[in-house]
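I opened the notebook to look up strands and aromatic rings in one model. The entries follow in the order I made them.

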Amino acid sequence: MLPTFAVAAIFIILTGDCSGKRADTAVPRRTAYPRVELYDSAYRQASDSLPVVLMVNDSATVDIASHGDEAIWIDVRYPRYGAVLRLTLSRLDKEALDRAITNRHERMALNAGGLRSTVTTLTAPAGLSSEIVETPGAMVTPLQIIATDSTALLLTGALEMPPASGDDDNDAERYMPVVKGVERDLMHMAKHLKLK
């Protein structure tokens, strides 16, 4: 007759894992994306011709065009990222400024598309206040900015990402490092924004 411990050992060996699950069952891994090397946090003034000090990443290129007497269009291009920060700088009277701010807030909400967003509010030492809206799930405009002196100046803009790859579920995750890098640049811009 077998001792009790031997019976117990045989029982454990024979029954083993009866769940039908194997420890080596294949589990799909998350998609890995090539790491984008972010630009350094070095900054320069976008242009001496602008009526404001507008700091941009030193590695970005800047295109400036006038649109009538009231607005200046500024494209800050990030070649490595394939992204463009599209800014509009406007000088308006107080009534037009208030309407433009309201309109821009509505546009920012529409761009966010009801997705979860984070709003960062900053005030530059020169007194200009800014709101930076990050919407990680927004494929077209994951970052937006509005800044004003509340009397005549309005700076608005949005980061435009490259066209979607077709794998829409993963594009937001793929571009997250770029969004964070440009958000860092927007924070620097907002903190140093001032009238000349």
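How many bridges join strand β4 to β5, and in which sense do the two run? I found seven bridges between β4 (residues 61–67) and β5, which run antiparallel. I noted that the model is predicted, so local features need pLDDT of at least 70 and side-chain atom pairs 80 or more, while totals for chains, interfaces and linings use all residues. Residues are numbered from 1 along each chain as its sequence is written, and side-chain values use heavy atoms, without hydrogens and water.

Entry on strands. Strands (E, at least two residues) and helices (H or I, at least four) are DSSP runs numbered from the N terminus; two strands pair if DSSP finds at least two bridges between them. I looked up Val-62 and found Val-76 in β5 as its bridge partner. β4 and β5 form a hairpin with three residues between them, and Gly-68 in that turn has a positive phi of about 75°. β5 also pairs with β6, antiparallel, over eight bridges. There Asp-75 stands opposite Arg-86 in β6.

Entry on rings. Rings of Phe, Tyr and Trp (its six-membered ring) pair if their centres lie within 6.5 Å; planes under 30 degrees apart are stacked, over 60 edge-to-face, the rest tilted. I counted three aromatic pairs by this rule. Tyr-39 and Tyr-81 make a tilted one, 4.8 Å centre to centre with 40° between the planes. These two tyrosines are 42 residues apart. Tyr-78 and Tyr-81 are stacked, at 5.4 Å and 10°.

Entry on burial. Buried means under 20% relative accessible area, exposed over 50%, partly exposed in between (1.4 Å probe, protein chains only). Tyr-78 is buried at 2%, and Tyr-81 at 6%.
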